[in-house]
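Hi,

Here is the structure I promised to pass on.

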Amino acid sequence: MSFASIAYPADKAGRYDLLLRQVRALTDGVSHPIANMANAAALLWQGLPEINWCGFYLMDGGALMLGPFCGLPACIRIPLGRGVCGTAAQKDEIQRVHDVHAFPGHIACDGASNAEIVIPMHFEGRVIGVLDIDSPTIGRFDETDQEKLSVLVRHLETCCNFSHTVYAL
Ligand code: SME
């Protein structure tokens, strides 16, 4: 399977299905979380239209620390309960935000961001981190994005052995 300048299907579900096949191929036989999250972020960055940031934050010492990502440099540490990411991690609930400017406490790392989706990721039954994607388009993320990105995160939970890393709950 090629990963360079690939032509993705125009329809959203088909695009995600190809992205998921690519993620599965790239993570096949790989259990290192950093390697897998870095490749997943690169694939999403290449494959998803109208996004300006995508990546991971990982639990470390009771807060979320910046992990593998694509986009502009971002805030490094997010306390639990702060911003969209900290809310998703603390509540263990997906946050799909139509307009980030209406989200109390939203942390603006990139002024271009107007919509955001954050999906908690688990290890041994607890939140180990989040997938975070930002878009300049208000209302960019819909049910299909949420469903397909959740499948991607469930796959990473299955293939990554988070005890490989220094990250601690
Ligand atoms: N907007 C996020 C902060 C992380 S950046 O978007 C990369 C938040 O409110 O948690």
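Where is the place of glutamate 124? Glutamate 124 sits in the loop between strand 5 (115-123) and strand 6; helices (H or I, at least four residues) and strands (E, at least two) are DSSP runs, numbered from the N terminus. Its phi is near 50 degrees, a positive value in a residue other than glycine. Glutamate 124 is also exposed, with a relative accessible area of 68%.

Before going on, the ground rules. This is a predicted model, in which local features need pLDDT of at least 70 and side-chain atom pairs count only at pLDDT 80 or more, while totals for chains, interfaces and linings use all residues. Residues are numbered from 1 along each chain as its sequence is written, and side-chain values use heavy atoms, with hydrogens and water left out.

On to the other loops. Aspartate 92, in the loop between helix 3 and strand 4 (95-97), has a positive phi of about 50 degrees although it is not a glycine. Arginine 140 is in the loop between strand 6 and helix 4 (143-159) and, at 9% relative accessibility, counts as buried. The C-alpha atoms of arginine 140 and glutamate 50 are separated by 7.7 Å, though the two are 90 residues apart along the chain.

Now the ligand. There are 13 residues around it, and Val84, Cys85, Ile107, Glu116 and Asp134 come nearest (a residue is near if one of its heavy atoms lies within 4 Å). The shell divides into 8 nonpolar, 2 polar and 3 charged residues. Strand 1 (53-60), helix 3 (83-91) and strand 6 (126-135) each supply at least two residues of that shell, and the largest share, 3 residues, comes from helix 3.

As for polar contacts (pairs of N or O atoms within 3.5 Å), a ligand nitrogen is 2.7 Å from a polar backbone atom of isoleucine 107. On the oxygen side, an oxygen atom of the ligand is 2.7 Å from an N or O atom in the side chain of aspartate 134, and a polar side-chain atom of aspartate 132 lies 3.3 Å from a ligand oxygen. Taken alone the ligand exposes 300 Å², and the protein buries 100% of that (Shrake-Rupley method, 1.4 Å probe).

Best wishes

Note on methods. A polar contact is a pair of N or O atoms within 3.5 Å; within protein, one must be able to donate a hydrogen and the other to accept it, and residues adjacent in sequence count only if both atoms are side-chain atoms. Ala, Val, Leu, Ile, Met, Phe, Trp, Tyr, Cys and Pro count as nonpolar, Asp, Glu, Lys and Arg as charged, and the others, Gly among them, as polar. Buried means under 20% relative accessible area, exposed over 50%, partly exposed in between (1.4 Å probe, protein chains only).
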